[in-house]
Amino acid sequence: MPVPVKIVLGAMALWGTVYAFAALAGDFAVVAPPYSGHVTPSGMESFIIHLHALNALAVFLIEAWIALGAAWLPVSQRVSWVFAMMFFYPLAIPAFWFLHIWRNPPAPKTSEGGRPPR
């Protein structure tokens with residue numbers, strides 16, 4: 001994978017972390033207090049709701065790609081990464097990027113006796 005693509009994917013991974021913390025802080029700032037009589041969401045609330053939905057879809061697609069398409073990882077590691085991303089998303093996505101995208105891909109699996117296939 002070319003280095004510029006790896007850098008773009010890394011920026012996207014960091015965006016997920018920044019977004020998660022900003023969303024956590026921002027949710028409380030734009031939501032009306034309980035019993036304020038505010039029933040319909042404002043334009044900003046509607047935008048944030050849609051932004052959360054798009055982020056959730058992106059997380060789902062990333063997890064599905066790892067679970068189904070990352071053939072270089074053993075199944076147990078794929079399952080572990082998916083669970084880590086479900087419960088520790090802001091930390092797991094950058095860690096996955098660094099370990100499995102930024103660094104060189106792992107050596108090919110051996111077919112017999114510890115030697116790579118020819």
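**Figure 1. Surroundings of Thr17 in the predicted model.** Thr17 touches Pro90 and Pro94, where residues up to four places away in sequence are not counted and contact means heavy atoms within 4.5 Å. Thr17 belongs to helix H1, residues 3-30; helices (H or I, at least four residues) and strands (E, at least two) are DSSP runs, numbered from the N terminus. With a relative accessible area of 16%, Thr17 is buried; buried means under 20% relative accessible area, exposed over 50% and partly exposed in between, with a 1.4 Å probe and protein chains only. The model is predicted: local features need pLDDT of at least 70, side-chain atom pairs count only at pLDDT 80 or more, and totals for chains, interfaces and linings use all residues. Residues are numbered from 1 along each chain as its sequence is written, and side-chain values use heavy atoms, with hydrogens and water left out.

**Figure 2. Crossing of helices H2 and H4.** The axes of H2 (residues 43-69) and H4 (residues 89-102) come within 13 Å and cross at roughly 45°; axes are lines fitted to C-alpha atoms, for helices over the stretch in contact, and angles run from 0 to 180 degrees between N-to-C directions. H2 and H4 are therefore oblique to each other, as angles under 35 degrees count as roughly parallel, over 145 as roughly antiparallel, 65 to 115 as roughly perpendicular and the rest as oblique. On the H2 side, the contact is made by Asn55, Val59, Ile62, Trp65 and Ile66, and on the H4 side by Tyr89, Ile93 and Phe96. Seven of the contact residues are nonpolar, one is polar and none is charged; Ala, Val, Leu, Ile, Met, Phe, Trp, Tyr, Cys and Pro count as nonpolar, Asp, Glu, Lys and Arg as charged, and the others, Gly among them, as polar.

**Figure 3. The largest nonpolar core.** This core has 14 residues, and those with the most contacts inside it are Ile66, Leu73, Trp81, Met85, Ile93 and Phe96. A nonpolar core is a set of buried Ala, Val, Leu, Ile, Met, Phe, Trp, Tyr and Cys residues joined through side-chain atoms within 4.5 Å. H2, H3 (75-87) and H4 each supply at least two residues, and the largest share, six residues, comes from H4.

**Figure 4. Contacts of Ile66.** Leaving aside neighbours within four places in sequence, Ile66 is in contact with Arg78, Trp81, Val82, Met85 and Phe96. In the protein around this site, 23% of the 118 residues count as buried.
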